[in-house]
Amino acid sequence: MRSGVLVFVASVCAAQPRPVLPGEIPPSLRREGWLEAIEQSTAQRLRDGEWDHLIHYALQSRAFTKLPPIEPALSALDFHNSGRIPRDAALRLDAFHASEPKAGRHAVLRRKTGSRAQLSSEYQRAMTFLYRKEWESKKLEGPERRDFVSRLYQTRGHSTDTSPEAAYALEIAMNILRGLRPAQRFERVLLAGPGLDWAPRTGLNEDGPPRSYQAETLRDSFRKRSLAGETSLRIDCVDVNPRVVDALQALGMNAYRMNILTQRLPPATYDLAVVTNVFPYFDDNELGLALSNLTYSLKPDAVLIHNELRPAAEDWGRRLGWPVLHARTHSVQGEPGLFDALVFHAATKR
Ligand SMILES: C[S@@+](CC[C@H](N)C(=O)[O-])C[C@H]1O[C@@H](n2cnc3c(N)ncnc32)[C@H](O)[C@@H]1O
C-alpha cells in the first residue's frame, strides 16, 4: 500500500517541465543569451504558424461560404505571378471576415481574426513562404533543393499539422523497437510534439473534431505488442503550442506545455521518447539542444526515436553519449515514391 502511494505521487508529479539552466548545456553548444533568443523566436514562430493555419482555413473551409475551396499552394503561385491577392482568394477572405463565429474551428479562428486589412497582410506573409516552399524549391534539384527547403523550415511558423501517416510511422517504429529490445518493458513514454490536425494546408476535413493521431494510437500500439504492462503504461505528451496541449487534455491525456529547446523534464524519468516531424524546425545547434534536453530525462536503458536523417542528429547523439543504435527508411503510407526515416538512439554503456 505504502509503495503504491509513492508510485502514484511520483507518476503524477513527474512531468513538470522547468527551464534549462545555461550550465546544463554542453559546452560546445553554450551561447550568450541564446535561450532568451530562442524563446523570443519561438513566440514569433508560434504566432506565424497560427496565422498560417487561419489563412489555410479561410481558403479551404466550406463552413462559412459556398465559394469553392482554394488549394493554398495554387493561390501562392497566383499571388506570386500576379503580384497581388488573387480575386478568388480576396472573395474568400471577405466572406470569412464577414461571417459570424459559428462552432468548432470556425468559431475559434473567426474570433482570432482582427481587421480585414490584417487578413490581407497575413495572407501575403503565408503565401510568400508557401510559394518559396512549393514552387521556388522546385527550380532546384537533389541536395541543393533539400538544403533550400531545410533552411526555410528552420525559420518558418510552427505548424501543428499531423496525419494518420504519422501514426502509421509509429506502428512501424514500435515493431522495430520490439525487435531491438525483445524483453524490455517501456512503462513511461514521452511523446514530444504530437501535433493536432487543426487547419492543415491540404485536405481540410471538418467532419469531426481535430485529431492528434500519434497521441491517440500510441497506447493501442503498445498494447498490441505488449511493450508495457496493461496498467503500468503512462504516456506524457509535451508540445510548445497551448492549443495542442488543451486539445489533448480535453481528451483526458497527460499533456504539458513545454519548449523542448529551453526546458527539460526531471532526470532519468522515461523509458522511451518519440519525436517525429519536429526537428526539421530546428537548425543544427538547436537540434543539439533538443537532444540534450530530451536525453536528460531518459533512463540509462531508454530509447529515443525520431525521423531526422540529418547528419547533425547522428553527430549530436554521439557527442551527448546517445549514439544512433539503428536507423531505417520506409515508404510513406499511401504516397508511392515518398520515404520517411526512423532513427533510434540509445545511451553508450558507461
Ligand atoms: C509538424 S507537427 C508534427 C506532429 C506529429 N509529431 C507528426 O509527426 O505528425 C510539429 C509539432 O511539434 C511542436 N513543436 C514545435 N517546436 C516545438 C518545441 N520547441 N517544443 C515542443 N514542441 C514543439 C508543434 O507545436 C507541433 O505540434
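Contact here means heavy atoms within 4.5 Å. With that in hand, let us walk through the model. It is a predicted one, where local features need pLDDT of at least 70 and side-chain atom pairs count only at pLDDT 80 or more, while totals for chains, interfaces and linings use all residues. Residues are numbered from 1 along each chain as its sequence is written, and side-chain values use heavy atoms, with hydrogens and water left out.

Helices (H or I, at least four residues) and strands (E, at least two) are DSSP runs numbered from the N terminus. Not counting residues up to four places away in sequence, Lys299 touches Arg188, Ala268, Thr269, Tyr270, Asp271 and Trp322. Thr269 is 30 residues away along the chain, yet its C-alpha atom is 5.8 Å from that of Lys299. Lys299 counts as partly exposed because its relative accessibility is 26%; the class lies between buried, under 20% relative accessible area, and exposed, over 50%, with a 1.4 Å probe and protein chains only.

Next, have a look at helix H10, residues 242–250, where Arg243, Val244, Val245 and Leu248 are buried. Their cover includes helices H2 (34–60) and H9 (213–224) along with strands S3 (234–239) and S4 (254–257). Just after the helix, Gly252 has a positive phi of about 85 degrees.

Now to the ligand. Around it are 22 residues, of which Thr162, Gly193, Asp239, Asn259 and Thr276 come nearest; a residue is near if one of its heavy atoms lies within 4 Å. Thr162 places a polar side-chain atom 2.6 Å from a ligand oxygen, and a polar side-chain atom of Thr276 also lies 2.6 Å from an oxygen atom of the ligand. The protein covers 97% of the 600 Å² of accessible area that the ligand has on its own, by the Shrake-Rupley method with a 1.4 Å probe.

Finally, the interior. A nonpolar core is a set of buried Ala, Val, Leu, Ile, Met, Phe, Trp, Tyr and Cys residues joined through side-chain atoms within 4.5 Å. The largest has 37 residues, and Val238, Ile260, Phe279, Phe282 and Leu294 touch the most other members. Helix H11 gives the most to this core, with five residues. Leu294 touches Leu190, Ala192, Ile260, Val275, Phe279 and Leu304, leaving out residues up to four places away in sequence.

How values were computed
Polar contact = N/O pair within 3.5 Å; in protein donor to acceptor, adjacent residues only side chain to side chain.
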